Amino acid sequence: MIKRPKNIRDDILQRSWLITAGLIALGIFVIYRIFYIQHYALYKGKPWIDYMSKTVRIDTIPAMRGNIYSNDGSLIATSLPYFEVSIDPSVADSTYFYTRVDSLATLFASTFKQKSKEEYRRELVFARHEYEKNARKGNRNIRLIKRKITYREYDIILNQTFKSYRITKEGKREPVSWNGWPFFRRFASTGRSKGGKLTISYERYNPFGSLAERTIGYLDRGTRRGLVGIEASFDKKLAGAPGVGLFRVLDDQTFMPNEDDAGLQPINGYDLHTTLDVNFQDIAETALRNTLQRYKASHGCVIVMEVQTGEIRAIANLSRYGDSTYRETYNHALAGRANPGSTFKLATMLAGFEEGLPLQKVYHTGDGVVKYSTATIRDTKRTGHGSITAQQVFEKSSNVGVHLIMKDYFYANPAKYLGYLKRFHLRESTQIQMLGEPTPKVRTPSDKLWSKTSLTYMSYGYESEVTPLQMLAFYNAIANDGYWVKPILVKQIKQADEIIQEILPTKSAEKIASENSLRKARLILEGVVERGTATNIRNPNCKIAGKTGTAQKLVNGRYVPGLYNTSFIGYFPANAPRYTCLVMVDSPRGFSMEQLYAGSVAAPVFKEVADRIIGYDITMHPPLTNKKNKTSEMSRQLRAGHAEDLRIISEEMDIESPVNVDGWVEARKASEGVKWENRDADPNKLPNLKGMTLRDALYLLENHGFKVKYQGKGKVASYEYKQGFYHLILT
């Protein structure tokens, strides 16, 4: 009989079902065993899950957060290690414990002085007794210090040297020494301590205190992650990666690393090297704080940026805190978006220059008041400026004049003006390496609030909101030959000495305007200081270019007269720009309205910052001429001394009067300058001391065995010997 062939497809399907059922059964069995072991299987008389949760746990080992450095390598943020000190009295054997507990109690009492020796000993012995009676209930973690100790104290506990003697088999006393306190030192044979525990944690520390506090930032107390500033913006780079290891559970809140477990070691965070200069920062904060206090202002900021690189050297932000103090509580420079006021007129003027606006074109501003549609445009000068050129419109900061320029060139085509603002990078954020920078708000015809008067208000800094940093970057482009540069705060990310990432300056591929327009812009910026609204900050030693800005504050939808946001933006030196600087002071009070404008409030801060930076930055000083000092200087300053010393001084100071004799010499006036002659060189006779420095006179007198008294400063004018002393009079 012929058998029918099997259906192969049905056979494979049947086997698949059998395998699937087997795998499901195996999975159910594994899950059952895990559940049974955790909740019912016993280990040392207790359910396994209960034993593990109360005896061993997996926990993280914190990584050390990276450091933050200033431009000159000064440490401006770091993590300092602190240690919690405790002991597990169950680790040491009875002999070791009872022979060492007195020494440990004495050391803690004398070093930390939180308890007496008797109190420490009583607490430790009681805990040991409890453990010996019932190890499962005894306290296995005794905190010895209420506070966390510093690394210096940690080093004392682990490495303090002790010396003693031991008796050899021959009965001789032999000196011995060891390092570390009892219970805490690690034994070479096992690599373990006898129960002493020093648990590390890291606390963030800023060596310069509150300097640039908001820019550097700080950590969230709960998560220990960066909350604001550079700490938040570069949190992943700074934080590193924590390690993972087994810990023995000592109590509900305390765990000791399992010394048999190598675990996964933490990876420390990277270091950041910023562009900040602590001296520039101190200059900026001091000048800003003094002005805020004088004018009882709400808040303010100062930014100093290097023109060619975009590196920010200082960024100060101060807000009123309480009645009279100011602190860094908000980054106004980065995130304080507001109406820029008259500093925005530079954008209107530059756009006009690109459209062919001549500097000498005359505009009739009349008495300083003009109406356009529903808008009334007013100049700050109550009688108006009359007929003035386009250059004077900017230098005198005429709102009416800027409105007329806007009307001439852009009313027929608002999109063209908005296109220029985009080209000037005033419709986009700077993309600085910091979280929290908003995008500028610039009104466009598609906006619901756009009106016939929008271009008028925009022409002199209203109906647009930009941050101080965004305005500074625009002005910096004027100083930087038309190239817009991205501001940067962090220039290197390093691991020890290895550079992980280097951030190079980023500038626009094309200039924001033509060379002719840029030349005009630089000319009118210099004119503001030479002839316009900021003549009070003219500096004969360093030419400044910039623009004042005074914007009325918007409160509950209405602009309030007398409540201003004042600013000054500029660069220096104007003939070879090195630094661009912005100063903003918000809501100054306590003076007449005219004294609350930017020229009186913000501009002087700019001058103070610029003057002090010029004084500090020696690279900005003119080179000294290599000109020999006159011979008269030698005769005035150097009148007597040792010839070899005088030759060295003459060479170092470039004084034209070579000393051509040896030994002790004095200067004599001659027809052709100074003539040097020997004084008495007899070693047994004291030479004439007049005209010598105190150092030379002391050398001669004391080598002859005399005691000396002196008064005054300068060279020896007279001297006499009396009552066992040589008395020198210096003038």
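Me: What does buried mean here?
Reply: Buried means under 20% relative accessible area, exposed over 50%, and partly exposed in between, with a 1.4 Å probe and protein chains only. The model is predicted: local features need pLDDT of at least 70, side-chain atom pairs count only at pLDDT 80 or more, and totals for chains, interfaces and linings use all residues. Residues are numbered from 1 along each chain as its sequence is written, and side-chain values use heavy atoms, without hydrogens and water.

Me: How many residues of strand β26 are buried?
Reply: Strands (E, at least two residues) and helices (H or I, at least four) are DSSP runs, numbered from the N terminus. In β26 (residues 579–586), eight of the eight residues are buried, so the strand is largely enclosed by the rest of the structure. Tyr579, Cys581, Val583 and Val585 point one way, and Thr580, Leu582, Met584 and Asp586 the other.

Me: In which sense do β13 and β26 pair?
Reply: Two strands pair if DSSP finds at least two bridges between them. Strand β13 (residues 299–306) pairs with β26 in the antiparallel sense, over eight bridges. His299 has Asp586 as its bridge partner in β26.

Me: How many aromatic pairs are there?
Reply: Rings of Phe, Tyr and Trp (its six-membered ring) pair if their centres lie within 6.5 Å; planes under 30 degrees apart are stacked, over 60 edge-to-face, the rest tilted. The whole structure has 31 aromatic pairs. Phe97 and Phe183 are edge-to-face, 5.6 Å centre to centre with 75° between the planes. Phe97 lies in helix α3 (residues 94–112) and Phe183 in the loop between β8 (173–179) and β9 (196–205), so the pair ties together parts that are 86 residues apart in sequence.
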